[in-house]
Amino acid sequence: MSLAEEPGTSSIQNVMRGCVDAVADDGHPGLALVRVRLGDAMLLLARLTKRLAASLGVVPRRVLWVQMKSVALME
């Protein structure tokens, strides 16, 4: 999963609008845990560098785009 200010041209097809619900420190001093709400029922957890979180302005109630890569398995 990745977070973006705006969806762009990418190979990632699953892109949804989400709202930052909470930001917390991670066990590593350079990382932050970001909880993102999609709609009323789904919460996702992302681990970002604190540098990137600051660059994106990741704070509670900030609207961002959630991008999730899918995988195709073949036999």
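**Labels and their grounds**

Analyst: Cys-19 is part of strand β2 (residues 14–25). Strands here are DSSP runs of E with at least two residues, numbered from the N terminus. This is a predicted model: local features need pLDDT of at least 70, side-chain atom pairs count only at pLDDT 80 or more, and totals for chains, interfaces and linings use all residues. Residues are numbered from 1 along each chain as its sequence is written, and side-chain values use heavy atoms, with hydrogens and water left out.

User: How confident is the predictor, on average, in the protein?

Analyst: pLDDT is the predictor's confidence in each residue, from 0 to 100. The protein averages 90, and 95% of the residues score at least 70.

User: Why is Cys-19 called partly exposed?

Analyst: Its relative accessibility is 28%. Buried means under 20% relative accessible area, exposed over 50%, and partly exposed in between (1.4 Å probe, protein chains only). Therefore Cys-19 counts as partly exposed.

User: What makes a residue a contact of Cys-19, and which residues are in contact with it?

Analyst: Contact means heavy atoms within 4.5 Å. Leaving aside neighbours within four places in sequence, Cys-19 is in contact with Arg-35, Val-36, Arg-37, Arg-61, Arg-62 and Val-63. The C-alpha atoms of Cys-19 and Leu-38 are separated by 6.7 Å, and the two residues are 19 apart along the chain.

User: Why is Gln-67 called buried?

Analyst: Gln-67 has a relative accessible area of 11%. That value falls under the 20% limit, so Gln-67 is buried. The residue sits in strand β5 (residues 63–68). Beyond four places in sequence, Gln-67 touches Met-1, Ser-2, Ala-4, Gly-8, Ile-12, Asn-14 and Val-15.

User: How do you know that β5 pairs with β1 and with β2?

Analyst: Two strands pair if DSSP finds at least two bridges between them. β1 and β5 have three bridges. β2 and β5 have six. Both pairs therefore meet the definition, and both are antiparallel. Opposite Gln-67 stand Ser-2 and Val-15.

User: What is the order of the strands in the sheet, and which are the edge strands?

Analyst: Five strands form an open, antiparallel sheet in the order β1-β5-β2-β3-β4. The edge strands are β1 and β4 (42–49), as each pairs on one side only.

User: What joins β2 to β3?

Analyst: Six bridges join these antiparallel strands. Val-23 stands opposite Val-34 in β3. β2 and β3 form a hairpin with five residues between them.

Key. Helix = DSSP H or I, 4+ residues; strand = E, 2+ residues; numbered from the N terminus.
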